[in-house]
Every structure is written in C-alpha cells, then in structure tokens.
Amino acid sequence: MAEVVVITGGSAGVGRATAEEFARHGCHIGLLARGRERLEAAAQSLRALGVRCHIVPTDVSDAEAVERAASEIEQQLGPIDIWVNDAMVTAFAPVKDLTPEEFRRGTEVTYLGTVHGTMAALRRMRERNRGVIVNVGSALSYRAIPLQAIYCASKFAIRGFTDALRCEILHDALNVHLTMVHLPAMNTPQFDWALNKMDRRPQPVPPIFQPEVAARAIWFAAHHRRREVWVGWPTVEAIIGNKIAPGLLDRYLSSAAYSGQLTNEPKPPNAPANLFEPARGNWGAHGRFDARAKETSWEMWTTRHQGWLALGVLLLSSLGVGAILQGGNRVLNGRGKPRRQLQRIWR
Ligand SMILES: NC(=O)c1ccc[n+]([C@@H]2O[C@H](COP(=O)([O-])OP(=O)(O)OC[C@H]3O[C@@H](n4cnc5c(N)ncnc54)[C@H](OP(=O)(O)O)[C@@H]3O)[C@@H](O)[C@H]2O)c1
C-alpha cells in the first residue's frame, strides 16, 4: 500500500524537493501552501511521477483551515501515514527594524503553523495508533543568529514543543513517531522572497546545500526511529559548538553571521515579501545558488549508515585490542623490545 504523506510548504524549496522525493518512493502526496498556482505546478510534476496528489491552498497559521485540509486530504487519498511540517516565513532585519505585527505573523506561521499541523496529524494518528510526524528544524533551532530573530525564535519554540509532545507520546505509549530534522543552509527561494529590510540581497550562510539533500534526510527520518536527524557538518558544528562555548559564538556570529547572510548585490527595488501574502512567480525547489550548492552531505551519509559504521568501529577496535594483547604478551614473554612493540601497534 502506498503511504499517504502531507507536506506543509510543499510548493517550493525544501518542501517541494521533499514532495518529489516521497513521490519517487511511490507515496501519494497532500500539499498545503498558500499560492494556488505553485501548488498546481507542484502537483503536476508529482502526478508525472505516477502518484496521486491532492492540493489544498491553506495558510498554516489558521488552525481550522489546517484541520479542514487534513480531512479533505484523507477523503481524497486515504489515512495519513506521514505528516511533514515544513512551511515557514522569515524576515531579514535587525530587531530594532521589526514591528510587533511582523513578529506575531512570523511566529504564527513558522511556530504555530507547525503546532497546527502536528495537532491535525496527531488527532488522526492517535485514533489509529500509528503514524509519523516530521518537524523540519534547522541548525538555527539550537544556535540563533543576528538578522533572523523572528525565525530563530520560532525554530527554538518548535524544538521545545516537539520535545514536550514526544514525552507525552511516550507517556501514552502511542505508536506514533515524532522526530525533528535539523538542516544547514539550503539553496531555496526563501532568499529571494522573504521580507528583507536590509539594503543588500540575502543569502544562506555558506556552505550551502541543495534542497534534495534535505529531502533525502526527511525521507530517512520518516522511515527510521531517530529522535532527531542532524544534516550536514555545519549543523553538527553549530549545535555542539553552542553547547561548549555559547558566549564565544555570540561574539563570532555578531560579525560573521551578519555579513555572511548578505551578498554584495543591492536589494532590487521591487523585491517581493512573502510574510503576509504569498509571493507571485513560478518558484520551484531551488533558489539562485545552484553554482555554489553541494549535492551531498557526508555527515548525512554517516547517519544513514550508522549500523555499518558502528560495526566497522567495533571491528577496528577489536583488531586494535587484539594487537595490544598480542604485543603485550610478546613484551611480557621477553620477545622484542617494548618500545618497538608499541610503535608497531599504533602505526
Ligand atoms: N533554506 C534554508 O537555508 C533552510 C535552512 C535550515 C532549515 N530550513 C527549513 O526548511 C523549511 C523550508 O524552508 P525553505 O527555505 O524551503 O522555505 P521557502 O523556500 O521560503 O518555501 C516556503 C514554503 O512554505 C510555504 N508557506 C509560506 N508561508 C506559508 C503559510 N502561511 N501557510 C502555508 N504555507 C506557507 C511557501 O508557499 P506559499 O508562499 O505559496 O505559501 C513555500 O511552499 C523550513 O522549515 C526552514 O526552517 C531551511
């Protein structure tokens, strides 16, 4: 039986690449986003892969609309197996230049949108006692950076919400898996259509990865029982680095992440801003950074092949222990000089 998957924000960027990844695996897809034209274009490309697709133009900040969309998708495609909360908005600006309305709106879409999606999915999954919910996070769910306070705060909130709910799911002994995938910088349209109050065009802080890297990680997370999946070495560095030296990172990021998010190109006079309304235009999964974006992440490779790696490490360590014991025996038996023996073991 083909799995039924709902992806919020599935019409562009990471969500669009994720929809294509799941469709290539034969899943039927329900897509939620605001702009109907992009949803229709996405649905067309998914149906061309031979799967069923149902779109529901929805603003995820509206809890009732998300609930209605979930019911409509179940009527059209069947019970939802996997729900991916991907939809987001952000604004590139220092806090001093943002308004309370912009903060409220960004939080309602990025944080509460995830809460609404999770609640609609869990209501159904709880009844059937099965299902998977994947919340898309970021390195910035652990380590906040300047110029993106609205976004970082929402991503932190999603992580808090996810951890609290995971405990409740465990308490209720539900067979529902709730996981979070933390992504590094991605080449998506976000950097062309997000509200930008700076005078230059924004960019993801390099190194930049293609959205297909995220899509494969989200597929992996939906089919393995991992609490979290960290994608890309920069994500690992940010999360671990922040645990070790948060104050040092504050100082480093105050300049590196400030200039790192801005290109030298001036902001176009009529640049779109998708905070309150969807931007117009035929945007797909990729942004404008194809020439600089990486197609793979070795860190994700190690996550996917954790079992084999563990076996390899075990094998190597037992060989090492064997060699030490053998060397030790020779030393004890008086055969060979101790220093030469040790050199042979560690070389
Ligand atoms: N790009 C990165 O560097 C990066 C890094 C780490 C994590 N991530 C995560 O990846 C996910 C996707 O980011 P992205 O860069 O792919 O974003 P994106 O390119 O801006 O795409 C956002 C998607 O969400 C939809 N959307 C926006 N507001 C919505 C609303 N109110 N209701 C429903 N849908 C809405 C958009 O369609 P409409 O505008 O038509 O609604 C679009 O389909 C996010 O969770 C983000 O945190 C991205």
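This is a predicted model: local features need pLDDT of at least 70, side-chain atom pairs count only at pLDDT 80 or more; totals for chains, interfaces and linings use all residues.

One term before the helices: a crossing is called left-handed if the near helix is turned anticlockwise from the far one by less than a right angle, and right-handed if it is turned clockwise. With that in hand, helix 4 passes helix 5 in a right-handed crossing. On the helix 4 side, the contact is made by E102, F103, G106, T107, T110, Y111, T114, V115 and T118. Helix 5 contributes I150, Y151, S154, A157, I158, F161 and L165. By class, the contact of helix 4 with helix 5 holds nine nonpolar residues, six polar ones and one charged.

What angle do helix 4 and helix 5 make? The two pack at about 25°, and their axes are 9 Å apart. Angles under 35 degrees count as roughly parallel, so helix 4 is roughly parallel to helix 5.

The stretch to treat separately is residues 334–347, where pLDDT stays under 50. For that stretch the model has 13 contacts beyond four places in sequence.

Now the overall count. The protein has 12 helices and 13 strands. It has 347 residues, and 43% of them are buried. If you take contacts between residues at least 6 apart in sequence, 73% of them join residues at least 24 apart.

Back to helix 4, this time with helix 3 as its partner. Helix 3 covers residues 63–77, and it packs against helix 4, residues 100–128, at about 40° with the axes 9 Å apart. Helix 3 and helix 4 are therefore oblique to each other. Their crossing is right-handed. From helix 3, the residues involved are A63, V66, E67, A70 and E74, and they meet H116, G117, A120, A121 and R124 of helix 4. That contact divides into five nonpolar, two polar and three charged residues.

Helix 1 brings G13, V14, A17, T18, E20, E21 and F22 to the contact. The contact of helix 1 with helix 7 has eight nonpolar, two polar and four charged residues.

Next, the loop between strand 6, residues 131–138, and helix 5, residues 149–171, where A139 is placed. Is A139 buried or exposed? The cut-off for buried is 20 or more other C-beta atoms within 10 Å; A139 has 24, so it is buried. Leaving out residues up to four places away in sequence, A139 touches H182, P184, P234, T235, A238 and I239. There is also a C-alpha separation of 9.5 Å between A139 and G232, which are 93 residues apart along the chain.

L147 is in the loop between strand 6 and helix 5 as well. L147 is not a glycine, yet its phi is positive, at about 70°. With 23 other C-beta atoms within 10 Å, L147 is buried.

A173 also has a positive phi without being a glycine, and the value is near 50°. A173 sits in the loop that runs from helix 5 to strand 7, residues 176–183. Which class does A173 fall into, buried or exposed? A residue counts as exposed with 12 or fewer such neighbours; A173 has 7 C-beta neighbours inside 10 Å, so it is exposed.

The last item is a peptide bond. From P206 to P207 the bond is cis, with omega near 5°. P207 is in the loop between strand 9, residues 200–202, and strand 10, residues 208–209.

That is what I have for today.

Definitions and conventions. Residues are numbered from 1 along each chain as its sequence is written. Helices (H or I, at least four residues) and strands (E, at least two) are DSSP runs, numbered from the N terminus. Two residues are in contact if their C-beta atoms, placed from the backbone, lie within 7 Å. pLDDT is the predictor's confidence in each residue, from 0 to 100. Ala, Val, Leu, Ile, Met, Phe, Trp, Tyr, Cys and Pro count as nonpolar, Asp, Glu, Lys and Arg as charged, and the others, Gly among them, as polar. Axes are lines fitted to C-alpha atoms, for helices over the stretch in contact, and angles run from 0 to 180 degrees between N-to-C directions. Angles under 35 degrees count as roughly parallel, over 145 as roughly antiparallel, 65 to 115 as roughly perpendicular and the rest as oblique.
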